[in-house]
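Please read the following walk through a structure with its coordinates open beside the text. The paragraphs pass from helix packing to an annotated span and then to the surroundings of a ligand.

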Amino acid sequence: MIVLQCAVAAEQRQLREQLLHPRQHRLGSYDLCQGTLQGQPVALLCGGVGKANAAAAAALLLQQRPRLVVLHGCGGFYPASGLAVGDLAVACEEHYGDEGVATPQGFRDLSQLDLPLLRTPAGCYYNRFPCDPLLTGQLAQSCRTLARQLGCQVGCGPFVTVSCGSGRDDLALLRQQHCGGLCENMEGAAVAHQCLAVGVPFIEVRGLSNATGNRDLRQWDLATAMQRAEQATLAFLADLPPLPQE
Ligand SMILES: O=C(O)c1cccc(C(=O)CC[C@H]2O[C@@H](n3cnc4c(=O)[nH]cnc43)[C@H](O)[C@@H]2O)c1
């Protein structure tokens, strides 16, 4: 089974509509919708906004040993990303953007503080959590094909997960520079972290709803961004070969 996780119900509307053989379950405090999309067995999980919600939801689903977790939704793009509202972004890794300490000399992240968030036999993880490289490549390829049809761009690079959105130019610039960030969101690093902790592959795609930096809600397009992330998820599933045992 593949888990398709998002933050809010509006981010999974199309996926729910297209789900074949839908079955509704209650898992902990979540309404889980299972079925088939593009021939793949999936579970649709709406985990809530923010790192704590996203991690709690992912941790519960990971107990069922899914084949893969795909996080999808909307996000903000950083100034030097070259991206625009309506474009797609694929994560190669996720950064916890505000875990660390703000000092008079600037932001110090957890590696500079020697405070790992996760210890595995392969090593310690601080602010940065990788996405599955092979599946990320496949996701980016599916997105490029889709983007040609939609007339939009695709970026692939580091994502930054924050508690406090970058609604100011200086903050957006700082986070972009510190993490080399392409896209900002509020859940990704927490889900990537949970997946890495139990060895389940993780990938992430976001439709870009807004620019980070000085906040101007008139320029936001949440609906298009959410829809495009769902379309990208469907395109990825359609291109994905089924697992031998499924
Ligand atoms: O009103 C605001 O200034 C504001 C700032 C950040 C996010 C929101 C939302 O309503 C969306 C939260 C939701 O969407 C993701 N998201 C979308 N754009 C961003 C962003 O620029 N920075 C961080 N998160 C963003 C996020 O993952 C949440 O799930 C409103």
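How are α4 and α7 oriented to each other? The model in which this is asked is a predicted one, where local features need pLDDT of at least 70 and side-chain atom pairs count only at pLDDT 80 or more, while totals for chains, interfaces and linings use all residues. Residues are numbered from 1 along each chain as its sequence is written.

Helix α4 covers residues 133–150 and helix α7 residues 222–239, and their axes come within 9 Å and cross at roughly 120°. Axes here are lines fitted to C-alpha atoms, for helices over the stretch in contact, with angles running from 0 to 180 degrees between N-to-C directions; helices (H or I, at least four residues) and strands (E, at least two) are DSSP runs numbered from the N terminus. The two helices α4 and α7 are therefore oblique to each other, given that angles under 35 degrees count as roughly parallel, over 145 as roughly antiparallel, 65 to 115 as roughly perpendicular and the rest as oblique. On the α4 side, Q138, L139, S142, C143, T145, L146 and L150 meet R228, Q231, A232, A235, F236 and D239 of α7, where contact requires C-beta atoms, placed from the backbone, to lie within 7 Å. The residues of this contact of α4 with α7 comprise 7 nonpolar, 4 polar and 2 charged, with Ala, Val, Leu, Ile, Met, Phe, Trp, Tyr, Cys and Pro counted as nonpolar, Asp, Glu, Lys and Arg as charged, and the others, Gly among them, as polar.

A second pair is formed by helix α2 (residues 51–62) and helix α6 (residues 188–198), which pack at an angle of about 30° with their axes 8 Å apart, and α2 and α6 are therefore roughly parallel to each other. In this pair, K51, A54, A55, A58, A59 and L62 of α2 meet A189, A190, V191, H193, Q194, C195 and V198 of α6, and the contact of α2 with α6 divides into 10 nonpolar residues, 2 polar and 1 charged.

For the ligand, 17 residues lie around it, of which A7, G76, G165, N185 and M186 come nearest; a residue is near a molecule if its C-beta atom, placed from the backbone, lies within 6 Å of it. Strands β5 (68–77), β13 (183–185) and β14 (202–211) each supply at least two residues of this shell, and the largest share, 4 residues, comes from β5. By class, the shell around the ligand holds 5 nonpolar, 9 polar and 3 charged residues.

Conventions:
Two residues are in contact if their C-beta atoms, placed from the backbone, lie within 7 Å.
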